[in-house]
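Here is a short report on a structure of protein chains. Keep the sequence and the 3D view open as you read.

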Amino acid sequence: MARIVFHYFPGDSFLHRWDARCRFLGLLLITATLIQTSIFWFFLDSIFLFFLFFLSRLPFRLFFKDFKFWAIFLFVLFLFQIFLTPGGRLPLFPWLPVSQEGLLQGGLTSWRLGLMIGYALLFTATTRPRDVCEVLVWMLKPIPFLPERRIGLMVSLALRFFSRILDQVEEVRAAHQARLGDRNFNPVRKAKFIALPVLRRSILEVEEVTFALAARGYQENLPSRLSKIPLLHWIPIILMAGVLLLSLWIK
Amino acid sequence: MPIEKLRSVVLCSLMASLMAAGAFIHVPIGPVPVVLTNLFVLLSGLLLGARWGAASAALYLLVGAIGLPVFSGGRGGLAHLFGPTGGYLFGFILSAWTTGFISERFRRSMTGSVIAVIFGSLIIYGLGVPWLKAITKMTWNKAWMVGMVPFIPGDALKAVVAVILLRSVKPILDRPIRSVPE
């Protein structure tokens with residue numbers, strides 16, 4: 001069966017219970033603070049990230065498993081910056097081919113990217129894909145000429161097809177191997193022999209799904225059933241927006 | 001909704017899923033393993049045209065953004081979408097649109113398809129490399145060397161396969177949809 005690994009981690013924390021739409025708005029507000037290169041904001045956002053992480057009660061193992069790839073990337077990026085940015089040498093270690101400007105720039109860039117990734121991972125780990133679909137429909141609803149219901153249907157169809165295709169690829173690969181097809185080293189033929197049967201089967205399946213939808217009388221003009229956001233869930237957003245506006249006003 | 005339009009909606013979802021599955025299908029042809037996502041991006045433009053092709057690429061990004069591991073290497077989520085390789089991902093939308101647009105202008109002829117996949121492939125780099133440079137603060141030279149040169153042979157191969165696949169599956173799509181049985 002399908003090997004879809006959802007990045008969502010089930011839980012019963014405040015963050016899990018917080019309405020996904022408010023959570024997404026919160027993510028946007030935090031991302032807005034990270035656009036400017038300000039050590040004050042980076043520091044505040046780092047503390048807030050740790051606070052939210054403890055609040056989410058997610059296992060550290062899960063978070064670091066996802067973060068591991070990014071940590072390696074950020075480290076390589078940091079090394080690039082410190083060694084390749086021109087500038088004065090470090091007074092304490094003049095023998096090191098590292099510039100002061102590179103150290104500062106590399107540190108800030110990696111810090112900002114690390115925070116962005118950390119917040120995005122936290123959002124994904126605490127939000128069910130179905131809730132994200134709801135967020136999307138809610139966000140797209142006010143935009144004129146955008147069929148939010150159709151987009152919702154397409155996302156659910158895409159998820160359904162995705163697992164079917166992965167299964168079909170395995171079947172085709174096994175059939176190909178049974179016929180000694182894996183001994184052919186021509187890459188064009190290799191790609192064609194895997195992609196073509198999968199594509200043909202999938203396209204034939206499209207017709208069946210189309211009929212199934214038509215037979216069930218699929219319509220786009222039905223009223224959407226989005227729940228109302230409870231007033232309490234708006235409070236963290238109002239607080240976050242308040243802090244952001246206050247800091248901009250003081251600046 | 002007319003049944004032809006409904007079929008386009010379902011087909012668009014299928015192409016998005018194929019793009020996602022393409023990230024899992026590795027074809028080892030050298031030091032850089034080739035994944036088939038780009039192939040299905042180009043194919044969606046060729047098969048569905050500019051509008052629906054771009055919609056299927058956008059849908060693929062949407063599915064990735066909600067956290068499913070559909071991007072290359074089994075990754076997903078907003079971090080990956082807005083990360084260093086985000087330019088390539090957003091380039092998929094423009095690539096599918098351009099491929100479809102050129103293919104439609106040439107009335108889906110063989111020559112048109114070849115020109116379309118060449119431009120479609122270039123557009124992905126056109127967005128991906130500057131994005132990579134902006135995020136990582138690399139020099140232009142390095143960004144091109146890291147973000148484009150190693151992938152050129154694989155992408156050329158995918159463009160060829162996309163045109164071959166188009167010729168194989170186009171007859172299935174071109175036939176009129178059967179009417180719903182009474």
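A salt bridge is a side-chain nitrogen of Lys or Arg within 4 Å of a carboxyl oxygen of Asp or Glu. By that rule, the structure holds seven salt bridges over all chains. Side chains of opposite charge can pair when their charged atoms come close.

This is a predicted model, in which local features need pLDDT of at least 70, side-chain atom pairs count only at pLDDT 80 or more, and totals for chains, interfaces and linings use all residues. Residues are numbered from 1 along each chain as its sequence is written, chains are lettered from A and ligands numbered from 1 in the order in which they are written, and side-chain values use heavy atoms, with hydrogens and water left out.

## Confidence

pLDDT is the predictor's confidence in each residue, from 0 to 100. Chain A has a mean pLDDT of 80, and 92% of its residues reach 70 or more. Chain B averages 83, with 87% of the residues scoring at least 70.

Where is confidence lowest in chain B? Strand S1 (residues 26-27) of chain B has the lowest mean, 58. Helix H4 (residues 86-105) of chain B has the highest, at 93. In chain A, pLDDT stays under 50 over residues 1-6. The model has 14 contacts beyond four places in sequence for that stretch. A contact means heavy atoms within 4.5 Å.

## The two chains

Helices (H or I, at least four residues) and strands (E, at least two) are DSSP runs, numbered from the N terminus. Chain A has nine helices and zero strands. Chain B has seven helices and two strands. Along its sequence, chain B reads α-β-β-α-α-α-α-α-α.

Two more terms are needed here. Buried means under 20% relative accessible area, exposed over 50%, and partly exposed in between (1.4 Å probe, protein chains only). Accessible areas come from the Shrake-Rupley method with a 1.4 Å probe; for residues, only the protein chains shown count as cover.

Of the 251 residues in chain A, 42% are buried. Of the 182 residues in chain B, 58% are buried. Chain A exposes about 14,700 Å², and carbon and sulfur atoms supply 70% of it. Chain B exposes about 7,100 Å², with 69% from carbon and sulfur atoms.

Contacts also span the sequence. Take contacts in chain A between residues at least 6 apart: 75% of them join residues at least 24 apart. In chain B, residues 24 or more positions apart account for 66% of the contacts with a separation of 6 or more.

| Pair | Closest N to O distance |
|---|---|
| Asp19(A) and Arg21(A) | 3.0 Å |
| Arg201(A) and Glu171(A) | 2.9 Å |

Start with Asp19(A) and Arg21(A). Asp19(A) is buried because its relative accessible area is 12%. Arg21(A) is buried too, at 1%.

Now look at Arg201(A) and Glu171(A), which form a salt bridge. This pair links distant parts of the chain: Arg201(A) is in helix H8 (residues 187-215) of chain A, and Glu171(A) is in helix H7 of chain A, 30 residues apart. Are these residues buried or partly exposed? Arg201(A) is partly exposed, because its relative accessible area is 37%. Glu171(A) is partly exposed as well, at 45%.

Glu207(A) has 8% relative accessible area, so it is buried. Arg7(B) is buried at 10%. Glu4(B) joins Glu207(A) and Arg7(B) in a network of salt bridges.

Gln168(A) sits in helix H7 (residues 148-178) of chain A. Why does Gln168(A) count as buried? Gln168(A) counts as buried because its relative accessibility is 7%. Leaving aside neighbours within four places in sequence, Gln168(A) contacts Val198(A), Arg201(A), Ser202(A) and Glu205(A). Arg201(A) is also the salt-bridge partner of Glu171(A).

## Cysteines

Cys22(A) is buried, at 0% relative accessibility. Cys12(B) is buried, also at 0%.
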